[in-house]
Each structure stands twice: as structure tokens, then as C-alpha cells.
Amino acid sequence: MTIGRPIPPLLGIVFATVPLAAQERSAKLSGCYDITVGAWYVAKEAEPHWPDWAKVRSMPDQSGDSVFYEIPPRIQFAGPLRVPGRLADRFARRTQVVVPAGALPSIHSLMYGEMIGDSLRLVFSTGHGGLRATLARSGDRWAGIGSTFEDLEPVEVYARPIELFPASCGSPPPVSIDAMLPIARSVELQGGLTIVLGEPLPEALETTPARGTTLTVTGRTTGMFAGADSVAVAAPDQHGVMQVRLYYTDPDVRSNLESRLRRAYGVPEQMSVQTAAFQNRITSLALTRLANGVIEVDLRDRRWYE
């Protein structure tokens, strides 16, 4: 399993300059849509001087998808896209895309739609790359082509047909969240407080600022991750908690934790003498024996670390 650095939330997005008249004609995007896709094909060959381009982790191949380019089967247009700071004006006319509750989630940390003239522009970005599409209206649906993009250049670009069909937000989604391995996204503390990936820290939680952007949490853990001697949280921003690290000094705790995780999630995706790792589309969980003998559990929201 690859663990990356926290990503700049807007990195990798190409900003198009849209004439004011076109912006003023932009239609309001709302409601839910189901998405169908066709087969991948190569839209642009990689430059021959690019070293080992075929080994780049996040590139798809012609025989199947990569999670970094898979767009969710159901989306919802959820009002104006809100971004902090000086980019707010640039994004003001874009509509946030979310995945409705119960539908298969997306790894993408930034999803939005925008009307440019009569076309619908969709972007699904991990911050380092993703998929963007330009669609035209066809009856009550939208149809067009989506293509991959990467910050690493040059890379081979893949494309596929995409169609959006209007759907009731309350109807069963085409792919349920139940299709995804349900890895825990929360850490319970004695006393009843819970730290949840993607949500703000509880106001009553006592923390001690440490170096950089890490907070040390006061209190012992219970539940799935019981017995941790210390808890560190990546200082949450507008996206909520992105990472929780738990440390255990008892050398015997690794086998107990690993057995507990195996019962819950099955065989680890990655297994070695030092590390047992599990992951799904949006969550990664790694159990590691550090060089000093301390056991670390690293729980991360993949949408901000890929």
C-alpha cells in the first residue's frame, strides 16, 4: 500500500478562462444523476523519453480501471463549490459534487460541475490527477467523453465515454457503499469521545499541540483499537481529521491487534514482517512494528493522502 503526503486540495486542476457572457448563461445544476461509462482507450500516447511511465502507480491500463480514475456511479449536485482563500472567486460559479448517503463513495477530494456555454464540465480530482469530462445534453441526459489527467507529465492519457442519467436521490444507488470493505474510520476513547476521519475533532477533546501540524490527544483508546498508549492526530482543517496514529509500547499487542483486524477485514492487502495493511476506496489502515519496537496503527483518509 502506498502512503503519500497530504495533498494540496486544489493541485492539478486546470483553470479555464470563461467569458463573462458564458458564465452568466450558466444553468443551475441540481439533483442526482447515475453515471455509466464505456471502455477505456488510449487518447494520447506517452512521450518516449518519459522514464518507466508504465510503472506510475496511478495510471490505468487498457484491461481495467484504477481507483484514481473511477468516478462514483451516483453523484449529486450540492450547491456552490466552497473553497477557502483567494481561489473562492474563481470557483464561485462551480457546483459541488457529492456522493449521496448509501452510495459507493469516491476517492476524489475535489469534485465539481460547471456549465460552460451549453456544455457540462465535470472534474474529479485527487489533487495529483483524476478524470475530467465535457458533456453535451441529449434529451434528459448528458453524454460525452472523460479523460484522465496527471500532474506528472508527460503521461499516457486514457479516455472513455460517459453518460449521466437523472435519478431520484432517495432511490437505491446503482452500487451501494456495502460493496466496499467497511474499514473503521473512527477511534473511540475512554469516556465516550470519538475521533472520526473527515469530521472535526470533538470540542470536549483535550489535545496538546506538538511540532508541525500534529496534536497529541489526551486519553486511552477503547473498542477496535483499545490499549493505545498515545494518540496523535493530523491537525484538522476545513476537511476535518485526515489522519490518526496510535502507538502501543507493549510488544505483545501486535498479534492481538492483527488478529482483531483479520477477524474484521480478512487477509491484509499487504503483509510483511513489519506491516499488515488494509484499504478500501477512501480509507487506509496500516499496522506496523517500528524500529524501536513500538507498534503503530496509522489510520488515514485516502482522499487526502494519495
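Tutor: Two strands are taken as paired if DSSP finds at least two bridges between them. Strands are DSSP runs of E with at least two residues, helices are runs of H or I with at least four, and both are numbered from the N terminus. The model is predicted, so local features need pLDDT of at least 70 and side-chain atom pairs count only at pLDDT 80 or more, while totals for chains, interfaces and linings use all residues. Residues are numbered from 1 along each chain as its sequence is written, and side-chain values use heavy atoms, without hydrogens or water.

The chain contains 2 helices and 20 strands. The sheet to look at is an open one of 8 strands, in the order β12-β13-β15-β16-β20-β19-β18-β17, and its pairing is antiparallel. At its edges stand β12 (207-209) and β17 (270-271); each has a single partner strand, so one side of each lacks a neighbour in the sheet.

Take the β17 end. β17 runs antiparallel to β18 (residues 275-279), and 2 bridges join them. In this pairing Gln 270 faces Ala 277 of β18.

The largest core has 28 residues, and Ile 195, Phe 225, Val 244, Leu 246 and Tyr 248 have the most contacts inside it. At least two core residues come from each of β10, β13 (214-217), β15 (230-234), β16 (243-248), α2 (253-265), β19 (283-289) and β20 (295-301). The helix α2 gives the most, with 4 residues. With residues up to four places away in sequence left out, Val 244 is in contact (heavy atoms within 4.5 Å) with Val 187, Ile 195, Leu 197, Val 231, Ala 232, Val 233, Val 297, Asp 298 and Leu 299. Another core lies apart from this one; it has 21 residues, including Ile 75, Met 115, Leu 131 and Trp 142.

A second open sheet has 3 strands in the order β11-β10-β14, again with antiparallel pairing. Its edges are β11 (194-196) and β14 (221-222); each has a single partner strand, so one side of each has no neighbour in the sheet. The antiparallel pair β10 and β11 is held over 3 bridges, and Ser 186 has Val 196 of β11 as its bridge partner.

Elsewhere, the structure has 1 disulfide (a pair of cysteine sulfur atoms within 2.5 Å). It joins Cys 32 to Cys 169, with the sulfurs 2.0 Å apart. The two cysteines are 137 residues apart, Cys 32 being in strand β1 (residues 31-37) and Cys 169 in the loop between β9 (157-167) and β10 (186-189). The torsion about the S-S bond of Cys 32 and Cys 169 is about 110°, so the disulfide is right-handed. Cys 32 is buried because its relative accessible area is 3%, whereas Cys 169, at 35%, is partly exposed. Leaving out neighbours within four places in sequence, Cys 32 touches Ile 75, Gln 76, Pro 100, Phe 165, Pro 166, Ala 167 and Cys 169. The C-alpha atoms of Cys 32 and Ala 167 are 5.4 Å apart, although 135 residues separate the two in sequence.

For the chain as a whole, 45% of the 306 residues count as buried. Of the contacts with a separation of 6 or more, 57% are between residues 24 or more positions apart.

Definitions and conventions:
Buried means under 20% relative accessible area, exposed over 50%, partly exposed in between (1.4 Å probe, protein chains only). A nonpolar core is a set of buried Ala, Val, Leu, Ile, Met, Phe, Trp, Tyr and Cys residues joined through side-chain atoms within 4.5 Å.
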